[in-house]
Amino acid sequence: MASTFLLLGFLLISSIGLTGAQSIGVCNGRNGNNLPSPAEVVSLYQSNNIRRMRIYDPHPETLQALRGSNIELILGVPNDDLQSLTAASAATTWVQNNIVAYSSNVRFKYIAVGNEVPPTDAKAGFILPVMQNIQNALVAANLQNQIKVSTAIDTTLIINSSPPSNGVFTDSASSFLRPILDFLKANGAPLLANIYPYFSYTGNTAQIELAYALFTSPGVVVTDGQYQYQNLFDALLDSVYAALEKAGAADLVIVVSESGWPSEGGNAATVGNAETYYKNLIGHVNQGSPRRAGRAIEAYLFAMFDENMKAQGVEQHFGLFLPNRQPKYQISFG
């Protein structure tokens, strides 16, 4: 009997570990001139047990390398391509060329239509029509149950985020997002959100402690009614959930489509801080946030590599790996 209990305990622990591995992905940006080949990148994901990837455009070599890998994928529609895909025929062709052509052995999970498009940008008006066009093309290809269409926002669309329960969308964001949220609800899709405690901390060091941003606070920092916060990541995430509730979308799930910490180039950007952040985030996601306690958070670390063609400063130093594929940190992904 004792051996049976030990076996059951081992299986339970194993299943918890597997859930953790499955809830973490890594973003694969290509804004560098010294990066490994797509085949080498996919091999690096596999050897590190990273089971989810986000890419920002339908790069044929990357999609080809993903065939048979069993890596789940977020595929992005670049902001600059949005206007052209407001034509239904163009969106259908896009889906045929970039999804249907690979769907037999590439595990597409989400299509991210646009990334952090400001509500005041003219491109914001293209997002919902493109989402609808791509959704219709997926339905025509009978892929609508496998692949969900969404868009990725950032937390600048939220005001009054402290305490988190006061979070609400700005007026411009609210009018922009409400029909998009209705689309997500109707199609059972999540909202993608890029959550960066690093930028919140460095933008307000007078009121936010570094330990709160790094998951290392020894106790509760913010009490918000029935909810208690020991880290800034949860507070930021729950401010978006609070805004969704006020917008009539309380049942939507948020997928954290980016979160990271730079290793150099700016305030608090050190290898030690970055390693601490990534390790603690990986260890935390299974717990959920206070507003969604016990619901594992699907999160994508930003990013796989340092990208030397991005803007100088912290933007070039978010990589988990160096371009030579050597790990920057001692991190276990599952």
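**Overall fold, core and local backbone features**

The chain holds 10 helices and 12 strands (DSSP runs, H or I of at least four residues for helices and E of at least two for strands, numbered from the N terminus). Its radius of gyration, taken over C-alpha atoms, is 20 Å; the globule rule gives 20 Å for 334 residues, so the chain is as compact as a globular protein of that length. That rule is 2.2 Å times the number of residues to the power 0.38. The C-alpha trace spans about 55 × 55 × 50 Å along its principal axes.

The model is predicted: local features need pLDDT of at least 70, side-chain atom pairs count only at pLDDT 80 or more, and totals for chains, interfaces and linings use all residues. Residues are numbered from 1 along each chain as its sequence is written, and side-chain values use heavy atoms, with hydrogens and water left out.

Of the 334 residues, 51% are buried (under 20% relative accessible area; exposed is over 50%, partly exposed in between; 1.4 Å probe, protein chains only).

In soluble globular proteins, nonpolar side chains tend to be buried together. The largest nonpolar core here has 108 residues (buried Ala, Val, Leu, Ile, Met, Phe, Trp, Tyr and Cys joined through side-chain atoms within 4.5 Å). Helix 9 (residues 232-246) supplies the largest share of this core, nine residues. Ile99, Val113, Ile134, Phe169 and Phe333 have the most contacts inside the core. Beyond its neighbours within four places in sequence, Ile99 touches Leu75, Trp94, Phe108, Ile111, Leu138, Leu143 and Ile147.

Val253 sits in the loop between helix 9 and strand 11 (254-259). Val253 is partly exposed, at 35% relative accessibility.

Two cis peptide bonds were noted. One runs from Ser162 to Pro163, with omega near 0°; Pro163 lies in the loop between strand 6 (158-159) and strand 7 (168-169). Another joins Phe302 and Ala303, with omega about 5°. Ala303 falls in the segment after strand 12 (299-301).

Positive phi also occurs outside glycine. Asn142 has phi near 60° and lies between helix 5 (124-140) and strand 5 (148-154), in the loop. Asn142 is exposed, at 62% relative accessible area. Phe215 has phi of about 70°, in the loop between helix 8 (210-213) and strand 9 (222-224). Phe215 is buried, at 15% relative accessibility.

Methods:
Contact means heavy atoms within 4.5 Å.
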